[in-house]
Amino acid sequence: MRDKIFYTPKMVDENRADLPALAFVSSHGEPCANAQYTDKLAKIFAVSFNTTILDIQSAATLKQPGLDAENKAEAHIGRICEQLSRFALVNIQCEMGLYGYTVEQCKRRLFNLCSHSSNLLYTLHSYSIRGDDFEEAHRFIFNSLLERPSVRPWKILVHLPRDRQILIDRFNVPAKNIIVYPVLSLSAPERESFISSSDPLEWKKRHGLGPDDIVIGRIGYFSENKDFITGLKALSILPENYKMAFVGGQHFQTIKEMQIHPSIAEVVDYIDSCDASMMQSFGLGPTSNLLLRNKTFFLGNRGPKSIYEAICNVDIVLVNYLETRQSGSLVASLCLELGKPALMSYNNTFIEYEKLFPDCFEFFNMGNHYEIAYKIKNFEPAKTLNIGKHMANYTIEKLSDIYLGLAHSFNNSTSSVELSLPL
């Protein structure tokens, strides 16, 4: 049986010749941010395009070790490459690590996919400037794009103004070939629906909380860059009606045989250690509302809808990421899309978010739990009100219009057209 590599949303009539054909090359149907983001784009863009997802089968095929697995992965990429010429626009979603078990495999497969795409939009979700193999792999791809003839137009889409400048300065990518647009998850109707249907009192009651409890959301997968301990330290010095909801669990690609995820172990061990110290020092019983075990609750892995609902119903979201030079955060973007109070760590990624969404969230310095506690208690409501002034500039619908403009300009051989975007 031939491998399944296509997914086409059913809402579009494939026989409508007036719709340009758009291919997303991406992971699909996996519980990861890249797959969920692509699935969302494909669904919303289907109003203007005949959209197809060419599933790279990242976990099942491309990231498997061994020679037999590598041969199967190369054949799978080859079958995708054979299809790319029939699309008016090919959008490769590049999180490089999804494309192979080794960096060399990722580089080779991305190169082949780009080479077979006549009209290319290359969405760059992350990159390296550490002088390592990943940086050289990205440089190889960028250099190959620079060598393309004008009849094979291309653009790179990045999520932050900083990323645009780095591509220009470090990788010699021409400014006219770069589009800046933040990562987003929700259509305008979806945003309005989740906001209007939110019911914090009911949501809190459902999870065993009282109406006067103040819930701090920690949203998304567990990973070592999210500094959960500083947040728990802040929770420990906040009044007993402050609670913390962990909405998310372990990413399936981090599951290892006979091992507990280190971030989960760190969080649980810290709660146990802190509570043991409190019980010994102050004679607290196990049901005391001062103990972290009674101020935290874990909802585990959740689908996108449950995550959106949680963000809408908690009182504030703590987005505490250490500096990793990531090019965006779905959680941070969701807070803005859903108009939620958010406290974000003062790192380079969120400094860039401030340029796109000025005065719409509160910063805190990494590692300072006293600052977190103070700013949670004293968050300025005006910051949330400011979101609407800027969010209208960035919607998935407007991103679809950008894709549509690219498809038309590429196919009319006007690849030099520059798109005017709010920055």
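A salt bridge is taken here as a side-chain nitrogen of Lys or Arg within 4 Å of a carboxyl oxygen of Asp or Glu; by this rule the count comes to 17 salt bridges. The structure is a predicted model, in which local features need pLDDT of at least 70 and side-chain atom pairs count only at pLDDT 80 or more, while totals for chains, interfaces and linings use all residues. Residues are numbered from 1 along each chain as its sequence is written, and side-chain values use heavy atoms, with hydrogens and water left out.

The protein contains 16 helices and 13 strands (DSSP runs, H or I of at least four residues for helices and E of at least two for strands, numbered from the N terminus). Of its 423 residues, 53% are buried (buried, under 20% relative accessible area; exposed, over 50%; partly exposed, in between; 1.4 Å probe, protein chains only).

The side chains of R108 and E74 form a salt bridge with an N to O distance of 2.7 Å. R108 lies in helix α4 (residues 103–115) and E74 in helix α3 (residues 67–83), so the pair ties together parts 34 residues apart in sequence. R108 is partly exposed at 28% relative accessibility, and E74 is partly exposed at 22%.

K383 pairs with D359, the closest N and O atoms being 2.6 Å apart. K383 belongs to helix α15 (residues 381–391), and D359 to the loop between α13 (348–356) and β13 (362–364), 24 residues apart. K383 is buried at 9% relative accessibility, whereas D359 is partly exposed at 38%.
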